[in-house]
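Here is a short briefing on selected features of one structure. Have the sequence and the 3D view open as you read.

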Amino acid sequence: MPNRRNAIAMVISAVMTASLALTGCSSGDGDGSSKNGTTTITFWQQKFEDYQQAWFKKQVDAFNAAQTKVKVNLQVVPADTWAQKLKAAQAAGSAPDVQTTNYGNINAAAANGELAELDGLLPASAFDDIKANVKSFVSANGKHYAYPMLVEPSTVLYYRTDLAQAAGLDPKSPPKTWAELITWAQKLTTSKVKGMTIASAAADLGWSSWGLQYNACGHLPVADDWSKANATDACYEQLLQFYKDLYQGGYMPKTPKVGYADGSPYGSGEVAMMAGGSWVVGQLKQTFPAMIAKTAVAPFPSMDGDATKPTATLGGWTLTVDAKSKSKQSAADFVNWLLAGDPSIMTDFFKASGYSKYTVRTSVDQALAGNADATSDPFMKVISDQVVPYGKQEPAYPWDIALAFGTAIESAMKNTASVPDALKKADSQINDVIKKQSLAGTQPQH
Amino acid sequence: MALLESARTGRLPAETVAHGKPRRRGKGRRDNLTAYLMIAPMAVLLGIFVMWPLAYSLYLSTFKISFYKDPQFVGLQFYQYVLESTDFWHSIWIGLYYALIVVPAGILIALFLASFIKTLSKRMAAFMKVTIYLPAVVSTVIASVLFTFMYQDEGVVNWILGLINKAPVAWLNDPDWALPAIAVPGIWLGFGITTLILLAALLDIPESYYESAMLDGAGFLQRLWYVTVPLLRNVLLYLFVTGFTLAIQMLDLPLIMTNGGPTGATSTPNFFIFNSFRDMTPYATSFSLTASLLLFAVLGLISVVIFRLIRSDKAVDG
């Protein structure tokens, strides 16, 4: 009996051990990138406004149907899971061949060797078509690592003309200074509608306040050569105080349902004014058309009323090719076809966006010039004439620095630290990041 | 008990019993072989999925890891960085604070409910058990979304406060309220299973103990203090240990409800590590790995302390 029991135990354990070993070792569906002369590439698109998903899908289908050499697999990845998904894929060596990358991440990704250099992969004419002021956005050390798709100013003031009038304010003369904005917010706040909405969480404040950081001090809270922090400059105290006054005054929702990038609180009438990116114009047109007639757009107020100071960064998206991609040329061919090829493809995109974003290519600009819808939009005219010319490029330093400053603004807003203490803490955190990540002297050289 | 003894002496029970009898020793060897074969799959499993990754993680934590460039050996530098990080220690404090709210409150509520169910008829008790256990099968994600809605300015919690003319409280956006606010769904999700365990333990206490106490003139509180609590002590300690270890590792609720905010007020250790990992820099990869290993050490220390407490109470049910 014992022998038989042993034999059974042996069989069971052998089977289990073998199955464990198999489950542990059997993965591998191969890279499968090339089959029957067709190269398959993966393209991860960060999830944006709904119309963008539809546009990307339409264009990828058109690309796949138009030729048989390259097949693009499109995957839409939500923004809040993007970083961990991408990082896990990079660790496993299965990062997408093509991905959406924003301007702010290009320098760090290029320095870390994550992006393929595009100069040899795309024709030189494609880069010649990029507008001069955007070229530096996609290059590092004189080489191109991304192909730009669009630019969009990060901060514009949207306000309800009907509510302003009802509150005894002149809708034709929107607030010009931060003090005036607070007065407007105060007057527009009722029991049902808050006067204003602006970012109030560190992760949103980190990037959406860049324009206002420039506005307050003329620079970001880091020395130009990234050698030290300068977050304790007195001018930043006014910036933090401005945010604090809006929040502590009760003029903005204290429990926002959505992040800064989403304009729905304004669209659904919960607030009378909103700081939002130019993309909100598209959102209003698509989702809240009834709000268009009651809305006006103005440059975001300046600290001292000087309208020539920056209030926004010119953010936006690009497509990049992974440095470890096995099909770099095919990936680049797709990028070239979509973003740098026939101008009608991108004009179709800007049409879908309700002309709420700006092209980065001269040829697309020319194609749009004859289009009345593209040039006559009153909102976009204000943004083009009064916001974009003073807009600044997004900083290329690591996100930790932006987050440290965003946390300082949030701490001041929510009273967890006094304004000077919050800035002091941010300053020391930024210096810590500079030291531990050896950032001094690594700023981009265009 | 025999197993514990043998573990202490380092000898197997069969061997102890069969001392000096060669025929029995042969059988003991066969039994040993069976035992080793039976634990082999688990040993392989642990080896592949726990031991090897742990050893490899320790090795990797001495490098600045990049998925695109050769890793750079930095020794114990990242351990220094993590130990110096005020955010790391802040997150440990937040985890402890969260556990200190959730675990005692959860156990108290569960004890109250279990005592109540014990007094009910069989049918009512069955109904109550199902009702109380329901939150345990609700996903944390759903509970997070549900409670986020309840905490909105116009949500049900502020509506009730409005009835007594208290201004809306920004539950999830006020640094003082955010952690207690996310602890409420934490308690709600956990008390179902705690109640059932406590109910089983309560039912295990012989009625005769209570009858004797009552004959001696003990009131309700005295019976609770001198009979119920001492006899539940081991179960309570078990619930405390497992509850504490689980609570300090909470990730889902702060991730979904507050994203660690406001101003880091709900940044639990696992959230802090996860958030570090989400940062795209190579620095963040090594930092989050090292922080995980150090959290493992911190949790281990806490467990050691609590296990010592358990050992000291072994005599209670003896």
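The notes below cover a strand and a helix in chain A, then two helix pairs in chain B. The model is predicted. In chain A, strand β13 is mostly covered. In chain B, α7(B) and α9(B) are oblique to each other, while α10(B) is roughly antiparallel to α11(B).

**Strand β13 of chain A**

- β13(A) spans residues 317-321, and five of its five residues are buried.
- In a regular strand, side chains alternate between the two faces of the sheet.
- Both faces of β13(A) are covered. One side carries A:Trp317, A:Leu319 and A:Val321, and the other carries A:Thr318 and A:Thr320.
- Strand β4 of chain A (residues 98-102) runs antiparallel to β13(A), and five bridges join them.
- In that pairing, A:Thr101 stands opposite A:Thr318.
- Strand β7 of chain A (residues 147-148) also pairs with β13(A) in the antiparallel sense, over two bridges.
- Here A:Pro148 stands opposite A:Thr318.

**Helix α15 of chain A**

- α15(A) covers residues 343-352. Its buried residues are A:Ile345, A:Met346, A:Thr347, A:Phe349 and A:Phe350.
- The cover over these buried residues includes α2 (50-66), α14 (328-340) and α16 (362-369) of chain A.
- Just after the helix, A:Gly354 takes a positive phi of about 70 degrees.

**Helices α7 and α9 of chain B**

- α7(B) holds residues 140-150 and α9(B) holds residues 178-203.
- They pack at an angle of about 135 degrees, with their axes 10 Å apart. The two helices are therefore oblique to each other.
- The crossing of α7(B) past α9(B) is right-handed.
- From α7(B), the contact uses B:Thr140, B:Ala143 and B:Phe147. They meet B:Val184, B:Pro185, B:Trp188 and B:Leu189 in α9(B).
- By class, this contact has six nonpolar residues, one polar residue and no charged residues.

**Helices α10 and α11 of chain B**

- α10(B) holds residues 207-215 and α11(B) holds residues 220-248.
- Their packing angle is about 160 degrees, and their axes lie 10 Å apart. That makes α10(B) roughly antiparallel to α11(B).
- α10(B) passes α11(B) in a right-handed crossing.
- B:Tyr209, B:Tyr210, B:Ala213 and B:Met214 are the contact residues in α10(B).

Notes
Residues are numbered from 1 along each chain as its sequence is written. Chains are lettered from A and ligands numbered from 1 in the order in which they are written. This is a predicted model: local features need pLDDT of at least 70, side-chain atom pairs count only at pLDDT 80 or more; totals for chains, interfaces and linings use all residues. Side-chain values use heavy atoms; hydrogens and water are left out. Axes are lines fitted to C-alpha atoms, for helices over the stretch in contact, and angles run from 0 to 180 degrees between N-to-C directions. Helices (H or I, at least four residues) and strands (E, at least two) are DSSP runs, numbered from the N terminus. Angles under 35 degrees count as roughly parallel, over 145 as roughly antiparallel, 65 to 115 as roughly perpendicular and the rest as oblique. A crossing is left-handed if the near helix is turned anticlockwise from the far one by less than a right angle, and right-handed if clockwise. Contact means heavy atoms within 4.5 Å. Ala, Val, Leu, Ile, Met, Phe, Trp, Tyr, Cys and Pro count as nonpolar, Asp, Glu, Lys and Arg as charged, and the others, Gly among them, as polar. Buried means under 20% relative accessible area, exposed over 50%, partly exposed in between (1.4 Å probe, protein chains only). Two strands pair if DSSP finds at least two bridges between them.
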